[in-house]
Structure formats: C-alpha cells, structure tokens
Amino acid sequence: MPPKTRITKDMIINAAVAVAKQSGYEKINARTVSEQLHCSTQPVMYHFSTIDAMKRAAYARVDQMHTEYLTTVSPQRDPLLGIGLNYIRFAVEEPQLFRFLFQSGYAQQNSLLEMIDSEELIPVLAAMQEGAGLSMEKTKQIFLPVAMFAHGYASILANNGLEYDEKLAAKHLEQAWNGAFLAAAQEE
C-alpha cells in the first residue's frame, strides 16, 4: 500500500491560489481547495482554522507573484514603462487574481499613502528609481499619479473585457509618465 500524501500548508496555499485564478477569490473555501488537492477538507482545516486565514495566505502569495511579475522587465524596454505595462498586462492575463489583489478588500493598506510606504512596494519603487535615476522621494512623487492611471487602465481591462492593445497602452502610459515628470519638475 503506497504511503498517503502529506498535504502541506504550502500545497493548500497553492491550491487556494489556483481556485482564485480559475473561479475568483470568492470561491476559496475548504471544499474547493480540498477538491483541488484531491483530499478531504480535514487537512485544509488542520492548517487553517478559518477560511479568512486561508484567503489571507493566498492573497500574500498572489501579491508576491504580482511583484515578481511587475519587476521582470525586458532589458530592451525602459524600466518605468515596462513596470507600468506589466501592471496592465497582469490584469489582462490574470483578471481574477488582479481582482483578488485590488478589489477584494484584503489589502493591508487603506490608502495610497500607506501603500507607497509599504514593504511590498519597495522592490517596484527600487526598480523604477534605478531606471529613472531619481531619488526615492522623487520616484514616489512621480509614481503616485502614474500608478493611479495604470490601475484605472488595468481595472477597465480586467472588469470589462475590453480588447488590449499594448502599443496603445504603452503610448498612454508614456503620456502619463511624461505628465507626472513635468508636474514634478514644475513643483521644484
């Protein structure tokens, strides 16, 4: 008789992410996750005493995946534009995960000002700072309006199924960057 497969916490988190990706974060529960793992609900509830705790763990994993996605920019592309386009592309390629991250209420930050100073955003801001050759303060100042623009663009695509045109998105994003740079320069 073969040994039983031990269901780990990491396996459960991965299964919860898979459920969110396929059906939406609202569908994460002990039954759907155990079905994904082909096991009973007992191992799921052993590792997570509440469904909310499991969703928070899945959220953290998706947030980590998102950060890695954002910061993987083609060497031929301007890092600033590349990160913004990756943000929009993530919403197109993974609309359910995008909604989980930004429209579920699981984010720890309650405002943009909290978000800009969060630990999770440090790798993204550092990549942008390096690409632009700016101080971190100036990078944050430029980042906020561009992030708002990119988020709106991505949200429309993730929620309405509009056709994604990368060249047009790049043009619009570049205009947003130019406007943010110009506004920051005028404030000095």
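Tyr25, Tyr59, Phe100 and Tyr106 form a single aromatic cluster in this predicted model, in which local features need pLDDT of at least 70 and side-chain atom pairs count only at pLDDT 80 or more, while totals for chains, interfaces and linings use all residues. Residues are numbered from 1 along each chain as its sequence is written, and side-chain values use heavy atoms, with hydrogens and water left out.

**Aromatic pairs**

The structure holds eleven aromatic pairs, where rings of Phe, Tyr and Trp (for Trp the six-membered ring) pair if their centres lie within 6.5 Å, and where planes under 30 degrees apart count as stacked, over 60 as edge-to-face and the rest as tilted. One of these is formed by Tyr87 and Phe98, whose ring centres are 5.8 Å apart and whose planes stand at 80 degrees, so the pair is edge-to-face. This pair links distant parts of the chain, with Tyr87 in helix α5 (residues 79-93) and Phe98 in helix α6 (residues 95-103), eleven residues apart. Tyr87 is buried at a relative accessible area of 12%, and Phe98 is buried at 0%; here buried means under 20% relative accessible area, exposed over 50% and partly exposed in between, with a 1.4 Å probe and protein chains only.

**Overall architecture**

The protein contains ten helices and zero strands, the elements being DSSP runs numbered from the N terminus (helices H or I, at least four residues; strands E, at least two). Its C-alpha atoms fill a box of roughly 70 × 35 × 30 Å along the principal axes. Of the 188 residues, 41% are buried. Among contacts (heavy atoms within 4.5 Å) with a separation of 6 or more, 64% join residues 24 or more positions apart.

**Charges and salt bridges**

There are 16 positive and 21 negative side chains, and the centres of the two sets lie 10 Å apart; Lys and Arg count as positive and Asp and Glu as negative, with His and the chain ends not counted, and each charge is placed at NZ of Lys, CZ of Arg, CG of Asp or CD of Glu. A search of the whole structure finds six salt bridges, each being a side-chain nitrogen of Lys or Arg within 4 Å of a carboxyl oxygen of Asp or Glu.

| Salt bridge | N to O distance |
|---|---|
| Glu94 and Lys21 | 3.2 Å |
| Arg31 and Glu35 | 3.1 Å |
| Glu166 and Arg89 | 2.6 Å |

The salt bridge of Glu94 with Lys21 links distant parts of the chain, since Glu94 lies in the loop between α5 and α6 and Lys21 in helix α1 (residues 9-23), 73 residues apart. Glu94 is buried, with a relative accessible area of 18%, whereas Lys21 is partly exposed at 44%.

Arg31 and Glu35 both lie in helix α2 (residues 30-37), four residues apart, or about one turn of the helix. Arg31 is partly exposed at 48% relative accessibility, and Glu35 is partly exposed at 47%.

The salt bridge between Glu166 and Arg89 again links distant parts of the chain, from helix α10 (residues 166-187), which holds Glu166, to helix α5, which holds Arg89, the two being 77 residues apart. Glu166 is partly exposed at 26% relative accessibility, while Arg89 is buried at 17%.
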